[in-house]
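Here is a short tour to read alongside the coordinates. Please keep the viewer open and follow the headings in turn.

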Amino acid sequence: MPALTSGPRQASLRRTPDGVVLEFGQVDGPVYLERPLGDLLTCSAGRPWQPSPLTCPDGWWISRRPGEHRAGCRTGPLAVEVRLAFDDGDRLNLELCWRNTSKRRVADLAVGLLLDLGRVKDSQLTIPGVIYNDNPSADPARAVPRIGPTPGGGFVAEEDRLPIPGANLEWREGRERRWLSVISRPQARRSGDGQVRYGSLGAIRQDGPVIAALSGVLMFDGKQDVRYVSKAETEATDDGYLTLRPGEVYTQHLVLDWGRQELRGHAFRHLVESARTLFTAAGSPGLALVELITLKTVALDNRWYQSGTVAGYTKFSDIPGNGPRKSRHFMYGWTGQALKLAWCDAQVGFNTRDRLRIDRCRAAVEFYLAGSPTPTPGLRHNAYQVSTRRWTSFRAGNRPMVSSRAYGETISDLTDIITLFRDHDEPVPPSWLNALEEAMTFLRGTAQLADGTFPVGWRLDGLPAATTVSSAGIPCVLAALKASSVLDSHELLSEATVWLSRYHDQHARTFDRPFSRSTLDAACEDKEAGMYYFMAAYELLRRTGDPLYATWCEVSADWLLTWVYVWSPEQDEDSPLHAAGFNAIGWPTVSVQNHHLDAFLPTYELLSFGLTTDRPAYVAAARTTLHALSQTVAAAPNDWNFPLPGEQGEAVFQTHWQRRGHTNTWNPSWVIAVPLANALRIQALR
């Protein structure tokens, strides 16, 4: 019986004198893997589990029929059966069935697949949400998921921690680049007390990276039974082991996908494309757009503060019990987004002909521009402390630092406000344009590092606070692109294009160094770093129409979508998320260090890009996320533990990171600003 074939691919199980061999590759082309099946399976009994190959003293049986190959053996009290069959998309379904053939309960089991390609050259591994080329920008002093460069390292996580429950490996063989994806179709195991467990997935370093699809056991930094539980924190766990009663079967449903790779570092896109096809369940319908805007506007109004000339939007609420109690302050950019709130206020004001809202926006901008300058022209503080009447910035090395990310966001918001006012024939003070010019002069002057990118921040004298390679300054590029339109400067547009090209070369050309260090409290690869690259690329596409930038948008959009859940893990029966019927589909995670869900994604830009370039996959992704993120918005008093409607917690804990099955009530003002701004812009698209 010949090998199984589908499209350009072929695979087979075949008998040899030493057992059964699994082989797959291209039809009439190279073989990607040819290994004894026992070397690719593991069955460990006892603690700690061991990633050892399977031993089958009684030998293997094999069955080869048209459309399906099967093989199996016994190992101790367990029998394993492997089934291969291609699906309609030319992907290989690999099913593993582990059955307890004894008359006794068998506990402390760890079983599964260890897909070992041996020593591979020039490889990159992506495990969505946790591993991006082994996280080269992550602070080496912090506990962060890594596979490591030497044998014995590894990271294996619960499937419910992964937005796409899979892994993609890219490598070079001779002059050809290849890729392989392993995707799990997670199956929840619910115990009698209502607790839910999933299998596990990750990679273990041997001669090369070995993709591990296991029954639930965990590994961190090569140590078995260690779980990553919070930012840079781990703890020992006895969770994840499998118990099989007599006759009970544990089944793993895996999908293998492979092929040749054209562009180095871009193979993760195949994982995203496969996930679109394999995971088709709908996300939550969420709130209607008008209802979302109405509720978020209620929350916005609660953050407005004015006393004399002091005017702005507070980062936290003053209502007792409506989030944490913090000293009253405005934060511009990052977790505050004070000027984005001002833009939202004005946009609602123009939509409803509410003069008060437009005037509030104007007052907030005037206060910011009047008081925020540092001793360096064009550089402004990131925050205002209302109680002490002091302008402040972030701190690094126990010294003040103006964050480039937060400053770029704020100047970008200023350009949006100016554009909004102009669109509605609302007077724009010359001082606003002067401030924008001054900011651009700073960015075009000494603000850059030697490589032409922006630092993570500047000291108050305008010098870089650090020379670390990062994506943190990309919002400054976005601000410059928008400012080039406001100021009608073709020279600035040209310069900003060069700036973005440098970030493209640094990150997106090969993804040797993925987007990183935009999230100020987590020095690592993070979603928000790629988010601003995508937004800047889309702005450049919108300004120039050059199809090159549409390609940049596509690549970065797919990278962003590796952070977005395509499936919804079940939650424990006694958890608030289970009681609320929470659906994770469409929700993004945050960084390789922060594994919770949050509402930060450029849904407007993603939707607009998809619509204007006729790319329906991005339209669908944006709409799914837009609706999904409204699930945890308080629709009435005391929803989600908030007394004020429209509030929303910053974090949803979908996995064993902090409090699985819960949300928090930490509600900085970005959780109002970003969803509301996206909703208002999307409303205008309709």
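## Ground rules

Two strands count as paired if DSSP finds at least two bridges between them. Strands (E, at least two residues) and helices (H or I, at least four) are DSSP runs, numbered from the N terminus.

This is a predicted model, in which local features need pLDDT of at least 70 and side-chain atom pairs count only at pLDDT 80 or more, while totals for chains, interfaces and linings use all residues. Residues are numbered from 1 along each chain as its sequence is written, and side-chain values use heavy atoms, with hydrogens and water left out.

## The four-stranded sheet

Let us begin with an open sheet of four strands, ordered β1-β2-β3-β4 and paired in the antiparallel sense. Its edge strands are β1 (4-6) and β4 (31-36), each pairing on one side only. Ignoring direction, neighbouring strands here are turned by 10° against each other on average; the axes behind that angle are lines fitted to C-alpha atoms (for helices, over the stretch in contact), and angles run from 0 to 180 degrees between N-to-C directions.

Three bridges hold β1 antiparallel to β2 (residues 9-16), and S6 has R9 in β2 as its bridge partner. At the other end of the order, β3 (residues 19-26) and β4 run antiparallel and are joined by five bridges. One of the residue pairings there sets F24 against L33 in β4. The hairpin of β3 and β4 has four residues between the strands, and D28 takes a positive phi near 55° in this hairpin.

Next, have a look at β8 (residues 78-86), a mostly covered strand with seven of its nine residues buried. Buried means under 20% relative accessible area, exposed means over 50%, and partly exposed lies in between (1.4 Å probe, protein chains only).

β7 (residues 68-75) pairs with β8 over seven bridges in the antiparallel sense, with C73 standing opposite V80 in β8. Two residues lie between these strands in their hairpin, where G76 has a positive phi near 60°. β8 also runs antiparallel to β9 (residues 92-100), to which nine bridges join it; here the bridge partner of E81 is C97 in β9. The hairpin of β8 and β9 has five residues between the strands, and D90 in the turn shows a positive phi of about 65°.

## Aromatic pairs

A pair of aromatic rings is described by the distance of the centres and the angle of the planes. Rings of Phe, Tyr and Trp (its six-membered ring) pair if their centres lie within 6.5 Å; planes under 30 degrees apart are called stacked, over 60 edge-to-face, and the rest tilted. By this rule the count comes to 39 aromatic pairs. The pair of Y332 and Y368 is tilted, because its ring centres are 4.5 Å apart and its planes stand at 35°. This pair links distant parts of the chain, 36 residues apart: Y332 sits in the loop between β28 (329-331) and α4, and Y368 in helix α5 (residues 355-371). Both Y332 and Y368 are buried.

F454 and W458 give an edge-to-face pair, at 6.5 Å centre to centre and 75° between the planes. F454 is buried, with a relative accessible area of 0%, and W458 also counts as buried at 0%. Elsewhere, ring pairs link Y132, F268, F511, F515, Y533, Y549, W552, W559 and W563 into a cluster.

## Pocket and cavities

Rolling a probe the size of a water molecule over the atoms shows where empty space is left. On a 1 Å grid over the protein atoms alone, a cavity is a set of points where a 1.4 Å probe fits but cannot get out, and a pocket is an open set with protein on both sides within 12 Å along at least five of seven lines; lining residues have an atom within 4 Å of a point. Grid points are joined across faces, edges and corners, and a volume is the space filled by probe spheres set on the points.

The largest pocket holds about 600 Å³ of space. It is lined by 23 residues, of which D416, T419, R542, Y604 and R681 lie nearest its centre. Elements giving two or more residues to this lining include α4 (338-352), α10 (527-544) and α15 (670-685), while α6 gives the most, with six residues. The lining of the largest pocket divides into ten nonpolar, five polar and eight charged residues. For these classes, Ala, Val, Leu, Ile, Met, Phe, Trp, Tyr, Cys and Pro count as nonpolar, Asp, Glu, Lys and Arg as charged, and the others, Gly among them, as polar.

The whole structure has eight cavities of 30 Å³ or more, and the largest cavity has a volume of about 230 Å³. Of its 19 lining residues, K340, Y532, M535, E605 and N678 are the closest to its centre.
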